[in-house]
Every structure is written in structure tokens, then in C-alpha cells.
Amino acid sequence: MSANASKNFLITGAARGIGRGLSRLLLHNGHRVFLVDINTVELINTHSNLAKTHRSNEDFKSQEVDLRHPPSITEAVEGAKNFFNGKLDVLINNAADTSAVGKSPLSALTLEEWNTSLAINLTAPMLLSQACLPLLQRSASRDSGGCIINMSSTRALMAEPNNESYSATKAGLLGFTQSLAVSLAPHGVRVNAILPGWIHVGDECAAADQSGRGWEEGLSREDHEWHLTGRVGKVEDVFRAVEYLVQAEGVSGAEMVVDGGVGRKMVYPGD
């Protein structure tokens, strides 16, 4: 695919955080985006902000979707199909449930919390990939198919306390990516994963918009120096990884870590 050609993206978890930043940057670079999220307030805010510089319902469209419910996923994909006239270039499975991260020790982790993580972080990407396949695959009118990018996490590879449901689903997403890359190769669809580390997104939400909060706020010098790159991660870092994986026609089944090199550091007690 040409680096300059406009492409059609479906992004889940697009109302805030990494998903919102990716949506903004993709639109800025001339692509079309279908934004999916369950958070009504954040989605309305993001839609309003994007509409200041881009054409609503032409350059982008947003839809409130509960990824825990399969019928809602079906409706979302049908909406994307109509918006993109049946052709999707990139599905980014970005949405994730983080409600139990660092909060629920195993003794207090509820089955509801565990199942919610499974439903949003792992089952929804499977259902979305399944439903989007007809829009992504190679066909008589389409020489090459599209691609799927699954947003995993470095917590699939290393852990902090009380991350069981999140880490398990993000690790499962890597296995899903590997298997799907093999299964969808005959359809001309590539599948890859991105593993973000600390990507600071404190400025990517409605509250930050209202207060004028900048990206730097809340970060210390030590936070930046902890990274081999000398700074905490930005949404732009993930965006560049997305750009590469979309354009790299020779890459499938890959896992791209975007963590500022932190995962390569050995940390001793007292460090």
C-alpha cells in the first residue's frame, strides 16, 4: 500500500487515550476513521473536537458500542461497512478494560471483573476480526487485502502486582495475533501486534481539554530518565508503529514493542 494513499481505519477505544490520539493523527494524515467507544461523554467530546478540523460523517464517523455484547459489535461493523462503502483497510483492536489493573488482588478478584476483561480485551478482538474479514480480505476487485493490528501491552511479558486479568488477556492477544496471521494469510490479510509500554495520555481526554492540560503535566524528570530513550512514550510513538505495520507488506505475525527500551532494563531491589 502506498504511504500517501488515504486508507480506511476502524479503531476501538477511540474516544480517549491512545485510540483518540491515533484517530486524530490518522485524520491529520489524510485517512478516514470510524471511531468506536462505549464512553458516551468522551466520544461526544472527541467527535466535537475532530469536527473542528475534519468533516463529520465524511472524513470520520463515531459510534457508541458496548464490546461486551456481540450484537453491538455486529452493528458497529455494519456501520463501518456503510461508511467505507464495503472496504476496510485497517482494523485496530485498541479497546481494553483496565478497571481491575493494580486494584484487585487475586483474593478479591471477582469473576465479573475477570469475565469483563476477557470479553473486551480478547473476545471482542476475535469477534471484530471475524466480522471485518469480508471488508478486509483480498477479492476480485481488490489486489491486496487489509490488515489487523492488535494493541497488546508489555504487561503481556512482565508484570506488576494485581494485573492478572489484564496481563492474561494481553498475552492471549499475542497468541491470537500469531494464529490469525497464519489463518488469514490465504485471504491476503496481515495481522500484527503492538505492545505499548508507558504511553502518557493524560492529555487525551475531555477533562484535559477543559483544563488545558498539556502532555508534560504529571511527569517528572525521573519518569523520563527511567526510559532508555530519555522520555516517556507519546501517542506519536504508537502512531509511527501503526504507520509502519500498515505500510510493511512483508510483515505479518510480528510483535512490535514500543516502550522506550524499559523492557530491556534489569531492575534490582532498591533501584
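Reading the cores of a predicted model

Q: Which residues of the largest nonpolar core touch the most other members?
A: In this predicted model, the core to look at holds 31 residues, and those that touch the most other members are F9, L22, I92, I194 and V242.

Q: Which elements give two or more residues to this core?
A: The contributors are strand 1 (8–12), strand 2 (32–37), strand 4 (90–93) and strand 5 (147–151), together with helix 1 (17–28), helix 2 (40–51) and helix 8 (235–247). The largest share comes from helix 8, which gives 7 residues.

Q: What is I194 in contact with, leaving aside its neighbours within four places in sequence?
A: A contact requires heavy atoms within 4.5 Å. On that basis I194 is in contact with I149, N150, M151, S152 and S153, with V238, A241, V242 and L245, and also with M256 and V258.

Q: Is V232 buried or exposed, and where is V232 found?
A: A residue counts as buried when its relative accessible area is under 20%. V232 has a relative accessible area of 0%, and is therefore buried, while its place in the chain is the loop between helix 7 (221–225) and helix 8.

Q: Why does the radius of gyration of the protein chain agree with that of a compact globule?
A: The expectation for a compact globule of 271 residues is a value near 18 Å, and the protein chain has 18 Å, so the two agree. The extent of the C-alpha trace along its principal axes is about 60 × 40 × 35 Å.

Q: How many helices and strands does the protein chain have, and what share of its residues count as buried?
A: There are 8 helices and 7 strands, and 50% of the 271 residues count as buried. Among contacts with a separation of 6 or more, 74% are between residues 24 or more positions apart.

Definitions and conventions. Residues numbered from 1 in each chain as written. Predicted model: local features only at pLDDT ≥ 70, side-chain atom pairs only at ≥ 80, totals over all residues. Heavy atoms only, no water. Helix = DSSP H or I, 4+ residues; strand = E, 2+ residues; numbered from the N terminus. Rg over C-alpha atoms; globule rule 2.2 N^0.38 Å. Buried < 20%, exposed > 50% of the residue type's maximum accessible area, 1.4 Å probe, protein only. Core = buried A, V, L, I, M, F, W, Y, C linked by side-chain atoms within 4.5 Å.
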